[in-house]
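Please open the structure in a viewer and follow the selections below in order. Each stop states what to select and what is found there.

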Amino acid sequence: MKCRQYNVKVFEVGVEDPESFIEFIEANYILIRNHLLSIKGEKSEKVISYLEDKGLRYVWNMELPLPKRGVEELCLVSPGVEARDESRERMEPEPESVEEGDEEEYGESLEALKIVGRALRSGQYVEHNGDVLSTDRINSGAKIAALGSVVALGKVEGDISSAGECIIITPVKRGNILFHGTKIENEKLIYPLNIIRYRGDKITVEAIDTKQSKRK
Amino acid sequence: MSKVIAVISGKGGVGKTTTTANLGLGIAMQMKQCVVVDFDIGQRNLDMILGLENRVVYDMVQVMDGEATLEQALIRSKANRNLYFLPASQTKDKSVLDSEKISNLLQELRKKFEYVILDAPAGIESGFEHTIEFADAAIIVVNPEVSSIRDSDRAIGILDSKSQKAKDGHEVEKMLIINRIDPEMVERGEMLEADDILEILGIELLGVVPEDRGVIDASNQGQPIILNEKSDAGKAYKRIAKRICGIKVAVEHPKVRKKGLVGKLKGIFS
């Protein structure tokens with residue numbers, strides 16, 4: 001008998017009411033489109049029809065053999081914060097700035113590292129199915145959404161969403177930072193270079209340099 | 001060689017039309033043939049600020065549609081004979097604009113004038129896109145506040161992706177005017193500094209115009225503030241116009257004026 005084993009990414013989410021659920025999925029679609037949705041709560045025809053239209057895969061009220069890690073941190077993101085403005089023009093990919101990476105290292109589903117070498121202006125939007133390195137500013141109203149990790153070395157006043165291993169980022173006063181759907185409070189990003197990642201079950205923010213790990 | 005410059009801002013109410021009127025006059029004062037074109041179809045204002053309201057007979061839409069000649073529609077300024085004005089239509093909307101007609105009109109204007117200054121409508125809709133489409137350069141007008149800066153940033157992004165020059169692989173020249181800066185508020189830390197704005201927008205600074213209460217009265221009277229020799233804002237516009245004409249003039253940042261005893265007392269009781 002031939003057998004194959006796959007790893008599936010699961011995104012667990014509860015339904016409180018169909019409208020807010022659909023709003024939430026719309027706002028986070030880029031992050032969860034390749035996940036299996038494990039939905040908890042009352043079934044609704046409206047939600048089922050929406051999920052079918054979107055082509056999202058889901059199970060409803062099913063107990064999956066999931067580790068505890070991450071479950072508590074996956075909370076609803078305010079749709080107002082995350083809502084995508086389809087009228088905004090997408091930033092054209094910069095062929096010269098995209099370096100080919102070793103996809104095997106990242107898994108089959110993720111694409112090679114994308115390097116954004118210029119400032120992202122308000123309304124510009126980088127969506128990438130892999131890791132993103134931004135070396136310049138991310139202005140207020142600009143956004144990076146990545147299924148992989150995000151490294152932002154310039155000043156960040158825009159929004160960043162990552163479902164990867166980590167976000168490496170400078171201090172943020174304005175802008176929304178979302179790691180696996182969880183909003184990271186800007187007050188926690190106090191180091192010259194912060195790394196946001198999972199430590200066991202919890203999301204942590206630490207200084208990238210161990211010498212600076214003590215809070216100022 | 002003629003240069004087409006679009007005056008843009010993203011956000012409305014930052015002083016774009018006032019800036020266009022003053023720079024048009026300032027360029028004309030440098031003995032350059034200049035035309036200012038109101039691209040705000042349906043919301044014409046530039047005629048009033050230039051004091052030419054009662055001389056508008058034909059507009060740019062009628063010229064583009066062949067209902068009037070360019071010579072019939074152009075209005076010569078009373079304040080300076082080197083300045084002309086091409087009004088917008090007040091009765092039509094932005095949907096009447098199309099790329100080919102605009103391109104033809106600008107080609108005609110390029111033949112007659114050294115500087116063609118286009119006053120863009122607020123926002124980033126089709127009227128804005130048509131204004132920037134064939135521009136060689138853009139002047140971005142911002143107020144020192146975050147909403148104005150974000151909207152300008154957005155407008156710059158669209159300029160860099162949708163203007164014909166950008167589509168041809170060239171960079172559109174971008175120059176920043178920081179309008180209505182209040183040095184006292186900057187000193188108290190209540191207003192963004194010019195350096196902060198430049199860091200965010202990352203473009204060349206063309207000039208800084210201080211807050212000046214005389215600007216409103218000047219606009220109401222149809223006498224742009226640049227005609228007032230004593231006005232700080234007027235002096236700033238003059239310096240900016242010189243820079244546009246290629247004259248090297250240092251950028252002056254408005255400074256807090258030292259108050260006398262009466263001024264200090266007024267400050268206490270105001």
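Begin with chain B and select α7(B) and α10(B), which cross in a right-handed sense; a crossing is right-handed if the near helix is turned clockwise from the far one by less than a right angle, and left-handed if anticlockwise. Helix α7 of chain B covers residues 146–162 and helix α10 of chain B residues 194–201; their axes lie 10 Å apart at an angle of about 35°. Axes are lines fitted to C-alpha atoms over the stretch in contact, and angles run from 0 to 180 degrees between N-to-C directions. Helices (H or I, at least four residues) and strands (E, at least two) are DSSP runs, numbered from the N terminus.

This is a predicted model: local features need pLDDT of at least 70, side-chain atom pairs count only at pLDDT 80 or more, and totals for chains, interfaces and linings use all residues. Residues are numbered from 1 along each chain as its sequence is written, chains are lettered from A and ligands numbered from 1 in the order in which they are written, and side-chain values use heavy atoms, without hydrogens and water.

Next, display the side chains of Ile149(B), Ser152(B), Asp153(B) and Ile156(B) on α7(B), together with Ile197(B), Ile200(B) and Leu201(B) on α10(B); these residues make the contact (heavy atoms within 4.5 Å).

Then move to Met31(B), in the loop between α1 (16–29) and β2 (34–38) of chain B. Met31(B) is not a glycine, yet its phi is positive, about 65°. Met31(B) counts as exposed because its relative accessibility is 64% (exposed means over 50% relative accessible area, buried under 20%, partly exposed in between, with a 1.4 Å probe and protein chains only).

Finally, select Asn61(A), in the loop between β3 (57–60) and α4 (79–82) of chain A. Its phi is also positive, near 50°.
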